[in-house]
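The following paragraphs lead the reader through a single structure, element by element. Please keep the sequence and the model in view while reading.

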Amino acid sequence: MKFKFIPLLLIGGMFFLGNAFAQNQTRKENIAIPAPNPDSKYNYNDAFGDRFYNTNGNSYRTGSGMPGAQYWQNRADYQLSAKLNEVTNEIIGSEILTYTNNSPDEMSFLWMNLDQNLFKNSSRGTAIIPPVGSRNGSRGQLFDGGFKISGVKLLSTVKGVTSSADVKYMIEDTRMQIFLPQNLKASGAQVKVKIDFSFISPIYGSDRTGVLDTKNGKIFTIAQWYPRMCTYDEVAGWNTIPYTGPSEFYLEYGDFDVKITAPVNHIVVSSGELQNPAEVYTAADLKRWELAKNSDKTVIIRSAEDVTNPATRPTGKKELTWHFKIKNARDVAWASSPAFVIDAAKMNMPSGKKPLAISAYPVESVGDTAWSRATEYTKKSIEFNSAKWYEYTYPVATNVAGNEGGMEYPGIVFCGWRSTKAGLWGVTDHEFGHNWFPMIVGSNERLHAWMDEGFNTFLNSLTNDDFNNGEYKNPKQDMHRLAAFLMNPALEPVMTSPDNMKERNIGTLCYFKPGTGLSLLRDEILGPERFDKALQEYIKRWAFKHPTPDDFFRTIENVSGENLSWFWRGWFLNNWKADIAVRGVKYLDGDATKGAYITIDNLEKMPLPVPLLITTKSGKTETIKLPVEIWQRNNAWTFVYPSTEEIESVTFDPKHVLPDVNSTNDVWKAGN
């Protein structure tokens, strides 16, 4: 009997408590609390439900967002050489790759990216380019594009003697698989591969590389120009998604030793630091370089007049080889031209280091509103981000005028040669901002473009405000107007790969919406102090490593101390709308001096914190802010406001800083 009696007591107690609670709720509702709005689409379990993360933290990636104790990543070091034929636009190159397998897995094969194969007429990327309106591909240019691989060999060294042996390989679209005769051991084993290759540069290479004709010769902006290692990680193994144009890159870190041979009248600039300046510049040039290294003002190294004066180049040779090195980088790019005007200035880093800002552009781009300010723009952008987030890590930052709209590589960027004023500042600032995302923080751009483009768009919002006391400062956005655009049901979620979204949506979903989301998080949800500290920690944790979206989400939450699953779900994982409405005001016992019940509704899928401007009959105003947690188990919320007189109006988000899609229901007015 005892075992039956106890459950009866429990059931009775539960009935009593539940009945008492229901009576209490009824009494309140009889006073002021209305029922939830039947038209609401909001579901608090969808927004706030637990298990946001699909996996727990582990020894590779912790639950706090840090790299785990057993985190590893592989390494790719390159010795690269290339010779430029300016007549045929051909680059003939050779590569010695040293690949280090730090993973716990043995490897029987390697995968490499052959990105130039996008420009083969038979490529997958060519097949999916629409007839008009695409920035990808080669814009209808018919030429013999793609890599020609003339040899792949394994190198081995025994007692100081290096030998080579052909190795079997297979090329499939923009990937090459190399079959190893013996497994590459785990945990630090290395293999050396030598690859001889050539290709003809496209005139317009998917807005990332190309050849620009100017009155003083061609400008070659050369990227994706050598076979590059695919990344192997514990998330997906080999990352071998083909390159089709929209998505960018996911690359291993390593050291680069690069030699570029070009005609003697060319100037070559590259990722990294020039190792042999005395061999490729005149004595007069070298003196100007020394001035630039100690100058905050732009110093002209090679003027517009020098471009057409053969005496300003070394004599007695037809070609020169330029030697560059860059350490701990994920890629390298270069540019070459007889048309370059060159100028430079030092940049001042928090550590005291003084890397060089360099600009290379044709005489057509000279001008006080144009590229003559490019070095100033580079310097100020990098100095701000270095002081704010993480110090710039390369010895040189070179801005090159080309036929690309804008494209970034470690230590060098290509920007539009026609750009002027705010346009040139904007593209310079944006492309060099990429040296933080993804050059320092090496995310998978092929899958998660928002983790570099969106982050960088956010960085640009702060550099814009800072530069030259706001010379190019953008006006404050009306988020109510933007909300319908950013939350358009026709858009894919931000977390979609660029290859899997409409090309017209890439600017919105990879750049603008995630950048705006980070600004919301900083300015309206966490506050600048907490957000900045969290982002700085994220960069510090994942510098020269490979974070995933979860690593970012977890870091921001752990450092800021907030559960932001509702925000990640609504803004990034889904394309949810937000619509907060002010439903009405009722007074306690019908007497405004005793206080007021104010009711608000969440009518769409995404919750938001709720700033309310309350104006009374006498004109007194007060702004209160309700936390987002009011929506954690409600789709309507009623709260008591300690009024002492009648309320004239209640306005949700009076400054329009939150993304609300429907402003018509944001204001309640007495008598309406």
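**A guided reading of the model**

Phe-256 is buried, at a relative accessible area of 2%; buried means under 20% relative accessible area, exposed over 50%, and partly exposed in between, with a 1.4 Å probe and protein chains only. The model is predicted, so that local features need pLDDT of at least 70 and side-chain atom pairs count only at pLDDT 80 or more, while totals for chains, interfaces and linings use all residues. Residues are numbered from 1 along each chain as its sequence is written, and side-chain values use heavy atoms, with hydrogens and water left out.

Aromatic rings come next. Rings of Phe, Tyr and Trp (its six-membered ring) pair if their centres lie within 6.5 Å; planes under 30 degrees apart count as stacked, over 60 as edge-to-face and the rest as tilted. By this rule there are 49 aromatic pairs. One of them is stacked, because the rings of Tyr-78 and Phe-256 have their centres 4.9 Å apart and their planes at 15°. This pair joins distant parts of the chain, with Tyr-78 in strand β1 (residues 75–85) and Phe-256 in strand β15 (residues 254–263), 178 residues apart. Helices (H or I, at least four residues) and strands (E, at least two) are DSSP runs, numbered from the N terminus. Tyr-78 is also buried, with a relative accessible area of 5%. Tyr-243 and Phe-249 form a tilted pair, with 5.2 Å centre to centre and 55° between the planes, and both residues are buried.

Phe-249 also has a charge over its ring: Arg-228 lies over its face, at 4.5 Å from the ring centre. For such an arrangement, NZ of Lys or CZ of Arg must be within 6 Å of the ring centre and within 35 degrees of the ring normal. Lys-168 likewise lies over the face of Phe-179, at 5.7 Å from the ring centre.

Strand β3 (residues 107–113) pairs with β12 over two bridges, and Met-112 has Met-229 in β12 as its bridge partner. In the loop between β6 and β7 (175–184) lies Asp-173, which has a positive phi of about 55° although it is not a glycine. Asp-173 is buried, with a relative accessible area of 14%.

Helix α12 (residues 528–542) has 15 residues and reaches 21 Å from its first C-alpha to its last, close to the 21 Å expected, where the expected span is 1.5 Å times one less than the number of residues. Among its buried residues are Phe-531, Leu-535 and Trp-542. The buried residues of α12 pack against α7 (374–388), α9 (453–466), α11 (506–526) and α13 (549–560), contact meaning heavy atoms within 4.5 Å.

Finally, the cysteines. A disulfide is a pair of cysteine sulfur atoms within 2.5 Å, and the count comes to zero. The sulfur of Cys-415 is 19 Å from the closest cysteine sulfur, in Cys-510, and is therefore too far for a bond. Cys-415 is buried at 0% relative accessibility.

Key
Two strands pair if DSSP finds at least two bridges between them.
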